[in-house]
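Please look at the sequence and the model first, then read the notes below.

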Amino acid sequence: MENLQTGEGAKASVGPLLEWYRKNQRDLPWRHTTDPYKIWISEIMLQQTRVDTVIQYYRRFLERFGTLRELAGASAQDVLAVWKGLGYYSRALNLQKAAQQVVERYDGVFPRDYEVLRQLPGIGDYTAGAIASIAFNQPYPAVDGNVLRVICRLEGSEDDISQSRTKKRVADIVCPIIPKDHAGEFTQAMMELGALVCIPLAPLCGHCPVQSFCAAYRTGRQNELPVKKKKEAPRIVPCWVAVLRENGKIFLEFRKNDRLLGQLWGLPIVEKKDSRSPAQLLEEKYGLRLKNARKLGSASHVFSHQIWKMDVFTFALAEPMPHSDVLHWVEEEELERYAVPTAFQRVLKLLHSDNGWEQLEISLE
Ligand code: SF4
């Protein structure tokens, strides 16, 4: 069994890789700038999200928050509303917190120092390396899933890429081979090779510029590498969701302190337990006294670690709504202004066929 030690294949690949990238790179909006603010926004958006999806969000986000100071001065709700549909909302909240820190501590000037970048909310090794190399041309590695895969194949490594020590070893291999004066180009070239040629399933070795240096190809293991231990399957969470509407308004909960989808707006939701009815559980959690339950339909939403299986009911209030700082009636026509995540947008979609909702435009990214 080989493991990551030498880096010979990676080292020999640098020249051909850069040459290939210069001819074959995709025309992406964040490749037209070296503004660290814009590079940062793109890198955060690209985490866990496909390039095609990110392009429109990137443009929209920069139209709304064109500078770091504008982002720092916005409300969290405004930032979340623009982010709505991209998922992993803590990314948006961290972006705003980091922007505020840069304004307060560095007078709004984006830090160049890798270690300082690492201290900002939401910026880990990968993002700090991407910003340092792409925006400031500094020789720091940015090891994402693409780079892990490419290096493990080039080196013929059977190290498990879900382990953080493998990421560390890959970073140790990449760091010394980053070409002086072309750090940003090298970082993007590695990622681009992983995205376009050295793809996860059935890599296109016949079109690969570094094939002659690749241990996986040489030994016929390109479809077996890299090795990745299977993750645990996400937990299924059966839930009830309540839809309440009155006089052109709909009832929303501001999920102030929830660990999942915190600081966003949702519909009242409870996890199914024993034999208690949805009305009982909703009363226990929210103090709502409900009547006239009617099943509207079902929807599900997949998070990285759990899947919500939601049975959706409409209700009427049996008693006036209790006082609460997180439960609100919201004008249906103004719903678009609220940061309602995709999980609840799926539920709202069920209402499209219910009376009165046909005119409401709800984005279902
Ligand atoms: Fe990936 Fe194949 Fe190129 Fe090796 S030869 S780096 S496996 S695409």
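Leaving aside its neighbours within four places in sequence, which residues is I41 in contact with? They are Y58, F61, L62, L71 and L95, where contact means heavy atoms within 4.5 Å. This is a predicted model, in which local features need pLDDT of at least 70 and side-chain atom pairs count only at pLDDT 80 or more, while totals for chains, interfaces and linings use all residues. Residues are numbered from 1 along each chain as its sequence is written, and side-chain values use heavy atoms, with hydrogens and water left out.

**Domains**
- The domain assignment, which is automatic or from a database, gives domain 1 (8–218) and domain 2 (235–363).
- The C-alpha centres of domain 1 and domain 2 are 36 Å apart.

**Nonpolar core**
- The largest nonpolar core has 122 residues, of which W40, I41, F61, L71 and W308 touch the most other members.
- Such a core is a set of buried Ala, Val, Leu, Ile, Met, Phe, Trp, Tyr and Cys residues joined through side-chain atoms within 4.5 Å; buried means under 20% relative accessible area (1.4 Å probe, protein chains only).
- Both domain 1 and domain 2 give residues to this core, so it lies between them.

**Interface of the domains**
- Eight residues of domain 1 are in contact with 17 residues of domain 2.
- Q77, K84 and Y89 supply 63% of the area that domain 1 buries against domain 2 (accessible area, 1.4 Å probe, lost on putting two parts together, summed over both).

Technical notes: Buried means under 20% relative accessible area, exposed over 50%, partly exposed in between (1.4 Å probe, protein chains only).
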